[in-house]
Amino acid sequence: MLLRSLSGLLLLCCTPVCLLPEAVCTSAVPSASKSLVWGLGLEANAVLPARFFFIQSVDKAGKNLTTSPGANTFEVKVTSPSEAFSRIWVQVLDRQDGSFLVRYRMYASYTELNVEILLKNKHVAKSPYILKGPVYHESCNCPEPSGALWMNHMHCPSSFSQIQHDLSIFPKVDLERNAHEIPQRFGQRQSLCHYTIKNNQVYIKTYGEHVGFRIFMDAFLLSLTRKVRLPDVEFFVNLGDWPLEKRRTTDKLHPIFSWCGSNDTRDIVMPTYDLTESVLETMGRVSLDMMSVQANTGPPWAEKNMTAFWRGRDSRRERLELVKLARANPELLDAAFTNFFFFEHVESLYGPLVKHVSFFDFFKYKYQINVDGTVAAYRMPYLLAGDSVVLKQDSTYYEHFYSQLQPWVHYIPIKADLSDVLEKIQWAKEHDEEARKIAQAGQQFARTHLMADSIFCYYYKLFQEYEKLQVTEPKIRDGMELVEQPKDDLFPCYCHRTKVKDEL
Ligand SMILES: *[C@@H]1O[C@H](CO)[C@@H](O)[C@H](O)[C@H]1NC(C)=O
Ligand SMILES: *[C@@H]1O[C@H](CO)[C@@H](O)[C@H](O)[C@H]1NC(C)=O
Ligand SMILES: *[C@@H]1O[C@H](CO)[C@@H](O)[C@H](O)[C@H]1NC(C)=O
């Protein structure tokens, strides 16, 4: 009750008319000059499908606000001074912790952009921010010729330890040998794409029947080659769930790019198709992405339900185990299937199927269980970004960023066989402050390392490092076809980075 009335007070403070004593009020009212604004979305050269930046509300005394001052506190306008009707869609996302994520998607390129951030008609921080153009939009095919310069523009890290680890076992990459051996070894039973990138054009040949997932890789490669000139590279992408290279002896290894890695295989891991798709389709086809999730993290920590939560399908035996445990211990764990596909559905053991729950509603619960599906559960980036604590099953499977995560820092570890899951939930309930810290560290990790810029940097760096290992020339092989850039007839853009300018 006390808690409730306190949060009531805070809410009152957020309304423009404050009826409370000054001391209480000022603490929750942001100051236009003291509030902080930063991020790539304020830089003309960082081309992304949806550009973004951050606002941290800070009060008059210089203290960060830690609760929302109200969703409509800041008004953001993104306009082009030279065009009367700018085709730019802006969203201000309230992260409920005193900070905001602003994202905008441009449907045309502009010679200049003005980003105005207003708090009750007063400019915030250094607003207006003038982005001296050209400012290119996502579908503009305008690669920066210098990879080094592009990495600078994107503030890419100089290395990724997972890439170094994955490539360290390949002293050299012989493309002639691979072009011959990899289709023979995997081409019949697996779904593979053989890609060559030459002169920044993407070529492909597919192997296997089920190659529908190539659309994710194609789309990402096209997006990347519109932004930066890639080195000439030739490589194989595994479209299946499981990583493929199980050989132990180094001299016989084949480099295979996969969306999931494992302790027992030597595949080269890339950000998943799910994450790349959500990067490309942010403010587009997808509703769950690394930005939208930050605005939908459920009630504040103290008000979250203290039962652990899981929903999913029956893609692994441990998941059956989890649901059985939940049925025996409903006060600790709510885990249920939304779908049966792989195992026989025995209702007496696993209960009735439950209705699909919107992902954002997961965050009504304090404790999120992450259990492998077919391979690693690709919901991990989104789970981390919410403000619940993640209890992660130890697993042989991993995504491109798992090696940067630390147990007890970013998540609470649970054993591979789930034998300690109840114990760990109990621990979290009894150590609320520690659990909350872990939740916040996980969230901070996701906010820093799993956003669109990091995904583009990772792929670029991977190709750059891989290129150095190639000992033969990448070739457009027999049967390869060009993957064409989509046409943007509605909003053509003029690329000023290359010779194209002279032709205008
Ligand atoms: C206030 O927020 C900014 C932005 O997140 C952060 O860099 C800074 O360290 C915070 N200041 C304090 C005193 O916590
Ligand atoms: C918390 O969630 C559990 C399981 O979904 C539910 O049975 C329980 O009623 C909820 N508790 C509260 C206080 O809402
Ligand atoms: C997989 O390897 C990681 C890193 O070495 C290790 O922490 C983890 O326990 C291993 N998991 C399994 C199930 O082998």
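In strand S21, the bridge partner of Ile 204 is Glu 481, and this contact belongs to the antiparallel pairing of S10 with S21 (residues 481-483), which extends over three bridges. The model is a predicted one, and the description below should be read with that in mind.

Five strands make up an open sheet with parallel pairing, in the order S16-S15-S17-S18-S20. Strand S16 (333-339) and strand S20 (412-414) each have a single partner strand, so one side of each of these edge strands is left without a neighbour in the sheet. Direction ignored, neighbouring strands of this sheet are turned by 25 degrees against each other on average. Within the sheet, strand S15 (residues 305-313) and strand S17 (residues 365-370) pair in the parallel sense over three bridges, and Phe 309 stands opposite Gln 368 of S17. Helix H8 (residues 317-328) packs on the sheet, where it touches S15, S16, S17 and strand S18 (389-393), and the direction of the helix makes about 130 degrees with that of S16.

Ala 328 lies in this helix H8, and it is exposed, with 9 other C-beta atoms within 10 Å. Although Ala 328 and Tyr 273 are 55 residues apart in sequence, their C-alpha atoms are placed 36 Å apart in space.

A further open sheet has four strands in the order S1-S2-S5-S4, and here the pairing is antiparallel. Strand S1 (36-38) and strand S4 (88-94) are the edge strands, each pairing on one side only, and the twist averages 20 degrees from one strand to the next. S4 and strand S5 (residues 99-106) pair in the antiparallel sense over seven bridges, with Leu 93 standing opposite Leu 101 of S5.

**The core and a ligand shell**

The largest nonpolar core has 121 residues, and those with the most contacts inside it are Val 237, Val 389, Leu 391 and Tyr 459. Helix H13 (residues 452-469) provides the largest share of this core, namely nine residues. If neighbours within four places in sequence are left aside, Val 389 is in contact with Lys 366, Tyr 367, Ile 412, Ala 428, Ala 435, Ile 438 and Ala 439.

Which residues lie around ligand 3? They are Asn 263, Asp 394, Ser 395, Thr 396 and Ala 416, and by class this shell has one nonpolar, three polar and one charged residues.

Most residues other than glycine have a negative phi, and most peptide bonds are trans. The table gathers exceptions in this model.

| Site | Feature | Angle |
|---|---|---|
| Asn 121 | positive phi | about 70 degrees |
| Trp 408 | positive phi | near 70 degrees |
| Ser 127 to Pro 128 | cis peptide bond | omega near 0 degrees |
| Gly 133 to Pro 134 | cis peptide bond | omega near 5 degrees |

Pro 128 lies in the loop between strand S7 (122-123) and strand S8 (129-135), whereas Pro 134 has its place in strand S8. Asn 121 is found in the loop between strand S6 (110-119) and S7, and this residue is exposed, with 7 other C-beta atoms within 10 Å. Trp 408, in the loop between strand S19 (397-398) and S20, is likewise exposed, with 11 other C-beta atoms within 10 Å.

Definitions and conventions
Residues numbered from 1 in each chain as written. Chains lettered and ligands numbered in written order. Predicted model: local features only at pLDDT ≥ 70, side-chain atom pairs only at ≥ 80, totals over all residues. Core = buried A, V, L, I, M, F, W, Y, C linked by C-beta atoms within 7 Å. Buried ≥ 20, exposed ≤ 12 C-beta atoms within 10 Å, placed from the backbone. Helix = DSSP H or I, 4+ residues; strand = E, 2+ residues; numbered from the N terminus. Contact = placed C-beta atoms within 7 Å. Near = placed C-beta within 6 Å. Nonpolar A, V, L, I, M, F, W, Y, C, P; charged D, E, K, R; others polar. Pairing = 2+ DSSP bridges. Axes fitted to C-alpha atoms, helices over the stretch in contact; angles between N-to-C directions.
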